[in-house]
Amino acid sequence: MTRLNNLDTELAQELGDFPEDDLDIVFTPKECRTLQPAMPEDGVELDSHVRDCVQTYIREWLIVNRKNQGNSDTCSLKNKGSRKDFHKTLQKQTFESETLDSGDGNFQAGPRPVPALPEEASRTTLASSDFDLRSLQPDPRLENLLRHVSAEEFERQNEEARRTNRHAELLALYPSVDEEDAVEIRPVPDRPNEHLGNRILVKLQTLKFDIEIEPLFACIALYDIKERKKISENFHCDLNPDSLRGFLRSHTPSIDLSTQARSAVFSVTYPSSDIYLVIKIEKVLQQGEIGDCAEPYMVLKESEAGKTKEKIEKLKAQAESFCQRLGKYRMPFAWIPIGLANFFNLSTLEREIPEAEGLNGRSTSDKRATLLQARRLSERSLSSEDSYPASNFKRISLTLNTFFKQEGDRLSDEDLFKFLADFKRSSSLQRRIKTLPGTLKLEISPAPENLGYCLTPELLPVKPFPENRNRPHKEILEFPIREVYVPHTIYR
């Protein structure tokens, strides 16, 4: 624009007449969910190029609004409603051929007479042999023919003339373009935001077994058994009373705020009925087989007196010595799955094209269809109407009374996926695997949009973050099973 104003004639010929007021350029600050934007830690030496790249995450948005884009009648018609009944609103137009045929219904061959215009009817036709010009009526005088008119006034008159009798919906009767083929229609994009899928809030309330002899810890994660993938990081939770927590005091001189969380926010971009919330119970590492360590929980009860009480005290003393020596290390103890099929609005997913099982060995068209579906699902996960948990899902409180005993030779994720597949098919799994009596109370609900006193997976405080609370919520990082087609807007 500067070069055009400096009368650069070559560029002016190349660009033509570019409207100066077409572009509206605005700088808008980026919205930040956290109190401070995610940045590398202070003191980290960064290369200048890397430092510039990191700055893009906090730099203002440069928004270019094209004022004349999207003002076409087809765009406005899309907002008004369906094209189907639009022709009924059009003004009835009459043509000369219709007025001539209206007098008689019979079709006449040959040329039709053209009706004379009113001005011509009052004048005498000049023949080539007639030289008496005085008998003719004069032509109408052209007013203001020689009057000087400025260019601005001339443009204004032309603009008014163009707008008179102009039809509002010029191309509205043209058939609409199929959305699949409409590659040249580019809607104005929304401002990029941090991607958040379907968010579920899980609150752990109590964890108890029949005997209390040592500290036990809960570890929660999401698994997709159809994709055979773990789709979230772990959430670790300490529900122990202060008496048992004291066994580990020598190993925890300071306790961070984030480790006190007992509620987690899980995000799911691609919800399905195959997603399970798996709660694993861990204990402090001790000598012996995993099965032997769980044996006292299967045969002893706190309520029984006599010899049972002596055994419990002896086991408690052993556990305290293990905690002092090996308190930094954990071992698996028990686990329990919870199906999340009822917590998602899956009705919209059932109408999708069938999901492809994988891309290996498939044709090019199948690969394209799978990628297209993944893109659609990730784009739709950004719209609250389809993606958020079903509206009838408010809040569910669960009390679990049995846990599956962890087998020492089946610790891998592959073993877990086999167990979950059997668990989904039938309840016979509970008869084949030994169980432990215990109680776990938890609450599952849709995560509110503005959940106060919450930490991101990077442990950054999310707005609003009141200081007078004691236990924060903790967002858990998702590992999506397929690509999420949104731009990266935060530094991780």
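Modeller: Let's start with a term: a residue is buried when its relative accessible area is under 20%, exposed when over 50%, and partly exposed in between, using a 1.4 Å probe and protein chains only. This is a predicted model, where local features need pLDDT of at least 70, side-chain atom pairs count only at pLDDT 80 or more, and totals for chains, interfaces and linings use all residues. Residues are numbered from 1 along each chain as its sequence is written, and side-chain values use heavy atoms, leaving out hydrogens and water.

Biologist: Thanks! Is Phe333 buried or exposed, then?

Modeller: Phe333 has 1% relative accessibility, so it counts as buried.

Biologist: And how many aromatic pairs are there?

Modeller: There are 11. Rings of Phe, Tyr and Trp (its six-membered ring) pair if their centres lie within 6.5 Å; planes under 30 degrees apart are stacked, over 60 edge-to-face, and the rest tilted.

Biologist: Why is the pair of Phe209 and Tyr297 edge-to-face?

Modeller: Their planes stand at 75°, with centres 5.6 Å apart, so the pair is edge-to-face. Both Phe209 and Tyr297 are buried.

Biologist: What about Tyr297 and Phe333?

Modeller: That pair is edge-to-face too, with 4.9 Å between centres and 65° between planes.

Biologist: New topic: which ring does the charged end of Lys30 sit over?

Modeller: The ring of Trp61, 4.3 Å from its centre. To count, NZ of Lys or CZ of Arg must be within 6 Å of the ring centre and within 35 degrees of the ring normal.

Biologist: And where does the charged end of Arg330 sit?

Modeller: Over the ring of Phe217, 4.2 Å from its centre.
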